[in-house]
Amino acid sequence: MSPMLATASAVISFALVAYTIGVFSERRLGELKRSHLVFFWIGLICDSTGTGLMSIMAQNSGGAMSPLHPVTGFLAIALMLFHAAWATYVGNEKTRRGFHTLSIGVWLVWLVPYFVGMLIGIPAFHVSDPIALASAAGVVAVLALALLLSSKRSHA
């Protein structure tokens, strides 16, 4: 693994950790705090940095690249930006109460390109785009179902 790829992978994985901490600590408290904002913005900055490094590597490789990962990754970064900006500027209490639902949704969508990149990027897997996307979506669907069920149990 090249040093740039190792750095990009580590930074994107740190984005996963930071964003997960922000999303789930906000969900657990049921209240949006400044510390959650910090984790959202750190996650966004790390994901954007890692994605930028990976884009540079892809451009320098000169090889044909699948559009799946860049497209899903761009969508995830756009959603993270919207989410972090909304968290920063959200005003009224009614809007804040439903915020954790948006947070979980953005986190779940963000996981799709994370898993797609992992599946496509590990040469030993030899995974095609459709299989990577279906596998990532399947994992995310299972996580979403588990979160939904745990949420219903805690509200029952």
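Visitor: Why is Gly43 called buried?

Guide: In this predicted model, Gly43 has a relative accessibility of 0%, and a residue is called buried when that value is under 20%, exposed when it is over 50%, and partly exposed in between, with a 1.4 Å probe and protein chains only. Because 0% falls under 20%, Gly43 counts as buried.

Visitor: Where is Gly43 placed, and which residues is Gly43 in contact with?

Guide: Gly43 sits in helix H2, which covers residues 34–61; helices are DSSP runs of H or I with at least four residues, strands are runs of E with at least two, and both are numbered from the N terminus. Once neighbours within four places in sequence are left aside, Gly43 is in contact with Ala15, Ala18, Tyr19 and Met80, where contact means heavy atoms within 4.5 Å. From C-alpha to C-alpha, Gly43 and Ala15 are 4.1 Å apart in space, although 28 residues separate them in sequence.

Visitor: What should I know about the model before we go on?

Guide: Residues are numbered from 1 along each chain as its sequence is written, and side-chain values use heavy atoms, with hydrogens and water left out. Because the model is predicted, local features need pLDDT of at least 70 and side-chain atom pairs count only at pLDDT 80 or more, whereas totals for chains, interfaces and linings use all residues.

Visitor: What makes the contact between His83 and Tyr19 a polar contact?

Guide: The side chains of His83 and Tyr19 make this contact at 2.5 Å. A polar contact is a pair of N or O atoms within 3.5 Å; within protein, one atom must be able to donate a hydrogen and the other to accept it, and residues adjacent in sequence count only if both atoms are side-chain atoms. The value of 2.5 Å is within the limit of 3.5 Å, so the pair qualifies by distance.

Visitor: How do you know whether His83 is buried or exposed?

Guide: His83, which is found in helix H3, has a relative accessible area of 0%, so His83 is buried. Beyond its neighbours within four places in sequence, His83 is in contact with Tyr19, Phe40, Phe99, Leu102, Ser103 and Val106.

Visitor: Why are Tyr114 and Ser13 given which labels for accessibility?

Guide: Tyr114 has a relative accessible area of 17%, so Tyr114 is buried, whereas Ser13, at 28%, is partly exposed. Tyr114 lies in helix H5 and Ser13 in helix H1, and their side chains make a polar contact at 3.0 Å. Not counting residues up to four places away in sequence, Tyr114 touches Ile12, Ser13 and Leu16.

Visitor: What is the label of Thr72, and which backbone oxygen lies 3.2 Å from its side chain?

Guide: Thr72 belongs to helix H3, residues 68–89, and its relative accessibility is 14%, so Thr72 counts as buried. The backbone oxygen of His69 is the one that lies 3.2 Å from a polar atom of the Thr72 side chain.

Visitor: Why is His126 called exposed, and what is its phi?

Guide: His126 has a relative accessibility of 71%, so it counts as exposed. His126 is found in the loop between helix H5 (99–121) and helix H6 (129–155), and its phi is positive, about 50°, although His126 is not a glycine. Most residues other than glycine have a negative phi.

Visitor: How many helices and strands are there, and what makes the protein as compact as a globular protein of its length?

Guide: The protein has six helices and zero strands, in the order α-α-α-α-α-α along the sequence. Its radius of gyration is 16 Å, close to the 15 Å that the globule rule gives for 156 residues, so the protein is as compact as a globular protein of that length. That radius is taken over C-alpha atoms, and the rule is 2.2 Å times the number of residues to the power 0.38. The C-alpha trace spans about 50 × 30 × 20 Å along its principal axes, and buried residues make up 32% of the 156 residues.
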